Structures are given as C-alpha cells and as structure tokens.
Amino acid sequence: MEIVASFVPRSGSDPREDVAAPPEGATMVEIRADLLTEGADWRQVLAACPLPAVLTLRSEAEGGRGPLDPLAREAFFRAAATSGAALVDLEGARDAALLGRVVPPERAIVSGHYPGVPEDLEQRTAALAALGSRFVKVVPAAESLADVAAVFRLALGFERGPAAARRGIVFASGEAGRATRLLGPLVGAPLAFAAWGEDRSAAPGQYPPAELAALTGHLSGRPRRLFAVVGRGLATSLSPRLHAAAYRAMGLPNLFVPLEVASAEELEGLFRPAGEGVFDQLGVPAGGFAVTMPWKGEAARRCTLLAPRAQRAGAANTVLPRPAKVLGDCTDIDGVLRVFLESGVELASQRVLVIGSGGAARAAVVALQLAAALPLVAARDAAKAEAVARALGAEAVPVEASSQAVAVVNATPAGAGGEPSPLLEALRLPAGAVAVDLVYGAQPTFLAHLARERGWRYADGREVLLYQGVSQFAAMCGVAPPLRAMAAAVGLEEVAG
C-alpha cells in the first residue's frame, strides 16, 4: 500500500526544508499547492521532496483554497504536467477537459469531493471513471453510519482484479469517515491519504502514516472479518491499535475500525445477529464490537443474551453477533479488577469511591462488589449518583467522602486532557491510596497530576483498556491474545506477558 502524506506547511517554516523530511511511514507525498503560503513556489517544494509526489490544486468549491477560474487552473496544470510529479490530481467538475489534452491520463487522478454523501454517488463515480484517468478519487463527507456504509459499498465495487490494476480511491472525510480511510485502500486502489503529523491534517479524519501502517499493515486485501469500537469522539481511541497489534502478532486477517455513532437508532443496524448487520450485508462480516461512551447502556439493552455481570451492571462494552443471537458482556470489569490486583490493594471490606453515573461507572461498581469491596458512588449530578447506587446496592456520597476510601475510580471524562476538574479537585483520598482513571489521552490526565501532587499511586486508563481488551479479544476471536504485543501497542511496554 502507498501511504500518501498530505503536506501541510508549518507556519513560519521554509516549506522546502519542511517537505524534505516526510513523516515516518509515508511512501509518497501530496503537495497541495492551494495550501502553500503566499509567495511559496510549488515547483521548489516539489524539487525538495524526496518521495514521489502527487500535485493537487484543491478548489474552494471542493474544500480547498485554490482558484475556480478555468484559465488559472489550466495554467497550473500545464506546468504540473511537465514537472517531475508522479501524479496530478484533476477535479472532475472543473478540470475534466484537461485530461489527455494537458495531463496524460496515465499520470492523472480525477477526483470529486462532496459536502455530504449524494444520493447519486455511484452514478457520479461512474461518470468520473468513464473519463479514463489512471485513478478515480471519490471523497464525500460522512456524518452518519449510513454514510459510512454507502462509502464502503462504493469502495468494495472497485475490488475486482489485482490490486495493481484497481482505480478507485474511495473514502470519506470527517471524523465519521475514519473507518473508510482504513478499509478503502484494502479493497480499491492501494493508496491511502494520510496526515503530515498529529496536528497537521489536510482534512478531518486523516491518520498519520505510522498509525495507518499500524492499523492496516498486516493486511493485503479485504479483511476476513470486521471489528469496530462504537461510540462518540473516537479520534483518540487506542482500541483499533490494541486489537490490530494482536491480529498482526497472530497472523489474523481482521480489521478493527472506529465507528462514530451519533444516535441510538444507528445501533440497530450494527447490533444484529451474525449475517444480518449492515456490514454483513455489504460482504464484510462483523465479528464483534467494542462499545464506549455513551452507548454501553444501549448496547446492553440491544443484546439478546447478556453475561450475568453485564446484566447486573446494565452495561455492555463487548457485543458479539452470533447466529440468531447477539451476545453481550462487560469486560470493563476485568480491566478494573486486574488493575487493582496489579496494584496490590486488598479490596475486601474496603471502601472505594467510583466517580460517574454512566455505563463505565456501573461496571466499576459491579467489579468492586465482585471483589467484596464496599463501593461508594459520586457524580456531578447527585440524583444520578443516587440512582446508580440504589440500583446496584451501593452507597451514594459526595466526592469529599473519599477520605474514607482506599482508592478512587474515575469513570467520567473529567480531566482527560489534563484540564483542571473541580470534581476531581474535591477528592480527599489519604496518602498511599490508589487513583484509577478509566480515561486516557495523549497528555497526562488531571487525575494523574493530582496523584503525583498528593502522594497517591496512579493507574493509567491505558492499563484498564489493556486488561479489558485481553478479555474482549478472547471473546471476539476465541483465542488467548498476545499480551505483550497489545501492551506495547498502547505504550505499556513494561507490562509482562
């Protein structure tokens, strides 16, 4: 697979020096002439690029900053055609007349970028393909699961023939389109467009090259089964990386993608018996789903058979489509218990505060009860804390009551990015207590800062993710996973196998 890093100049830097150091994992570079700063010469940038390049002049009409004027566009593409660029990207709606007359078809990508998913997407794609360019690039913006399914369907239509002969570069932009950026290059033309860096994306939903390679590098075509994490705000989720590392280590041809789900109604098409789900109908069988905020309660309600612990918690983070049924479990419980086991805390008859009132908090309460601890429940909304405590036979308290506890479990997004949280600031744990986050981020969380300042032992949310993921993987794939490979994938190399 060619991984094409879209060059986004850094403010104040010389683009020639910048482009000379492509990100790790990139095999090609897209030079967006419309994104270059005023006065920068794309020819000089192209000459400084050490990798084969795609030259693009994205117009304002299709989400770029380039001109609409036909004469200005033709002048650019005449120069591009005689440059050293490996490929030139023409917009079908504006530049089709230049194909063959100005830009050789064998060096051309003809593209269409759309603000949503048009009802006639397949017809528009067929019209672009009929122009005869080497590649056809189709990029609608996705906002829903239905949009993702439509783009999947289109991408799968380009799967025929050997990879070297495939023409369709099909994916969706936007955070909801991330899944299509992973599947598209596996079934269509093997070109994946990537970000120049974590903070240098040319379009929403782009992955850095190294991340694309980590998530799809073990595959050379259509995956045998599709797995996904389902929730909201999944841009920073490590679940795809966690499971992909296990697939690679074990030689499993599976793909794990993020699926942004905005409404509970969309879950109906996912949580179906084997063979009946939206992706099964497209020919990519769904093997299982990891579920995160805010859908764990909805997931439990939509399963036809729940593990007793998931039924007690009223939350499922693992959903397994099986013939004629949908199974649900709550492996978050395994993650919480394993973290406390590793910390050496004796939980029996000890008070532990759980902060939160959602599915993750309920799972933490049940985990503590299974360990014979005495869970206390606190939340921003005291009424919600009381409801959770009453339903699970726990005690609702204010956060300040943590002075009685040996540990706390933060089952909210509070402080995930390191930002101060009055809710967590109110904690009164004694020195030596254990603070457990169920959240994680690129930076230390606010709870991690508090733990360091106040002399508490701290367990990162990635540890909980790892240990629940081990159980989740075993349930999904039917085999024990490689712990060390999964730990290393989420930055926990010190975890023993």
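Predicted model: local features only at pLDDT ≥ 70, side-chain atom pairs only at ≥ 80, totals over all residues.
Just after helix α9, Gly251 takes a positive phi of about 70°.

Helix α9 covers residues 239-250, which makes 12 residues. From first C-alpha to last, α9 reaches 17 Å, close to the 16 Å expected at 1.5 Å a residue. Its buried residues are Ser239, Pro240, Leu242, His243, Ala244, Ala245, Ala246 and Tyr247. Several elements cover them. Among the covering elements are two strands, β9 (225-231) and β10 (254-260). Helices α8 (209-216), α18 (461-477) and α19 (483-489) also take part in covering the buried residues of α9.

The whole structure contains eight aromatic pairs. One of them joins Tyr247 to Phe473. The two rings lie 5.9 Å centre to centre, with 40° between their planes. That makes the pair tilted. The pair links distant parts of the chain, since Tyr247 sits in helix α9 and Phe473 in helix α18, 226 residues apart. Both Tyr247 and Phe473 are buried. Elsewhere, ring pairs link Trp42, Phe76 and Phe77 into a cluster.

Helix α6 runs over residues 145-156 and has 12 residues. Its reach is 16 Å from first C-alpha to last, close to the 16 Å expected at 1.5 Å a residue. How much of α6 is covered? Most of the helix is, with 10 of its 12 residues buried. Leu145, Asp147, Val148, Ala149 and Ala150 are among the buried residues. Val151, Phe152, Leu154, Ala155 and Leu156 are also buried.

Arg200 and Asp147 are 53 residues apart in sequence. Their C-alpha atoms are 25 Å apart in space. Arg200 is found in the loop between β8 and α8. Is Arg200 buried or exposed? Arg200 counts as buried because its relative accessibility is 9%, below the 20% cut-off. Which residues does Arg200 touch, leaving aside neighbours within four places in sequence? Arg200 is in contact with Ser6, Phe7, Val8, Pro9 and Arg10, and with Asp18 and Ala195.

The structure holds one cavity of 30 Å³ or more. Phe171, Arg181, Pro185, Ala192 and Phe193 line the cavity. Helix α7 (178-187) and strand β8 (191-194) are the elements that give two or more residues to this lining. By type, the lining residues divide into four nonpolar, no polar and one charged. Arg181 is the charged one, because Arg counts as charged.

Next come some loops. Glu24 is found in the loop between α1 (15-19) and β2 (28-32). Glu24 counts as exposed because its relative accessible area is 69%, over the 50% cut-off. Leaving aside neighbours within four places in sequence, Glu24 is in contact with Pro209 and Ala210. Glu24 and Pro209 are 185 residues apart along the chain, yet their C-alpha atoms are separated by 6.6 Å.

Ala324 has a positive phi of about 65° although it is not a glycine. Ala324 lies in the loop between β13 (318-322) and β14 (325-329). At 73% relative accessibility, Ala324 counts as exposed. Ala372 also has a positive phi, near 65°, and is a residue other than glycine. The place of Ala372 is in the loop between α14 (359-370) and β16 (374-378). Is Ala372 buried, partly exposed or exposed? Ala372 is partly exposed because its relative accessible area is 43%, which falls between the 20% and 50% cut-offs.

The peptide bond from Met293 to Pro294 is cis. Its omega is near 5°. Pro294 is found in the loop between β11 (286-291) and α11 (296-302).

Notes:
Residues numbered from 1 in each chain as written. Heavy atoms only, no water. 1 Å grid on protein atoms, 1.4 Å probe; cavity = no way out; pocket = protein on both sides within 12 Å on 5 of 7 lines; lining within 4 Å. Points joined across faces, edges and corners; volume = space filled by probe spheres on them. Helix = DSSP H or I, 4+ residues; strand = E, 2+ residues; numbered from the N terminus. Expected span 1.5 Å × (residues − 1). Buried < 20%, exposed > 50% of the residue type's maximum accessible area, 1.4 Å probe, protein only. Contact = heavy atoms within 4.5 Å. Phe/Tyr/Trp six-rings, centres within 6.5 Å; stacked < 30°, edge-to-face > 60°.
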